[in-house]
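My notes follow in the order in which I looked.

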Amino acid sequence: MKVKVIGSGSMWTSYQSASYKIDEDILVDIPNGMCKNLFRWNVHPKQIHHVLITHFHGDHYFDIPFYLLIKSKNEDKEVHIYCSEEGEEKNRKLVTLAFPNTDTEIMESLSLEYHHTQKFRIHEYEVEKMLVDHGTLKPAYGYLFQVGKKKVGFTGDTCLCPAVEKMAQECSYLFCDCMLKQGNTKHMGIDNIIQLTEQNPNCQLIVSHLEDTTREELKKRNIKNVKIPEDGEEIIIAE
Ligand SMILES: [Zn+2]
Ligand SMILES: [Zn+2]
């Protein structure tokens, strides 16, 4: 598995918002600016077939209209979106807001399938949706990928909750929310990350959704098993 960190920042930073590309055609979250950032790394959004959305805050799905537009204009119109059930209506509304005269045309030309099940398969990966705790925004999910004998997780936005603890126990690599210096009821902080690494020495944490001040503090602290990625960095996970 190859994971490219497209974005590692929180909303109010010069870094792209938290998002990832897995191998050639899978995205985890599709924040505002995602298509532009894919182009920046020489990835054409038309090659993407699978989009996993963790939750419906704008910094995780607002590039849906641009992605669907470009797919509708290309020969390969296959799109699979994995999210909670209210996502179909939310995404449709966004397309109408973005392209009021051509929204129906865009939607009708796509070969678009939604997937709401707890477990699903993408290529060689068995994927499990994990219900995390992102304060009042419900539901919010993380995703757990089985990669050969290893597990690789993506927490999405979350506080430290039982689902995140389970993911850290099971995963060799966990891409996780660490927005804050000190975690609260919506996002994890450096204190939570330290706890997770101490309890799970075999799990490599790759932090994301970082405020700039959190990024600085993490760099100073140099915590074992915690990687602070730059946007565009690729992490190769052997199976
Ligand atoms: Zn959020
Ligand atoms: Zn967010």
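I am working with a predicted model, in which local features need pLDDT of at least 70 and side-chain atom pairs count only at pLDDT 80 or more, while totals for chains, interfaces and linings use all residues. Residues are numbered from 1 along each chain as its sequence is written, and chains are lettered from A and ligands numbered from 1 in the order in which they are written.

I looked up the secondary structure and found 8 helices and 14 strands in the chain, these being DSSP runs (H or I of at least four residues for helices, E of at least two for strands) numbered from the N terminus. The radius of gyration, taken over C-alpha atoms, is 17 Å, close to the 18 Å that the globule rule (2.2 Å times the number of residues to the power 0.38) gives for 239 residues, so the chain is as compact as a globular protein of that length.

I then turned to strand 2 (residues 19-22), where Ser19 and Lys21 point one way and Tyr20 and Ile22 the other, and all are buried, meaning that 20 or more other C-beta atoms, placed from the backbone, lie within 10 Å of the residue's own.

I checked its partners, counting strands as paired if DSSP finds at least two bridges between them. Strand 1 (residues 2-7) runs antiparallel to strand 2 and is joined to it by 4 bridges, with Val5 opposite Tyr20. Strand 3 (residues 26-28) also pairs with strand 2 in the antiparallel sense, over 3 bridges, and here Lys21 stands opposite Leu27.

Lastly, I noted that strand 2 and strand 3 form a hairpin with 3 residues between them, and that Asp23 in the turn has a positive phi of about 50°.

How values were computed:
A residue is buried if 20 or more other C-beta atoms lie within 10 Å of its own, exposed if 12 or fewer, and partly exposed in between; C-beta atoms are placed from the backbone.
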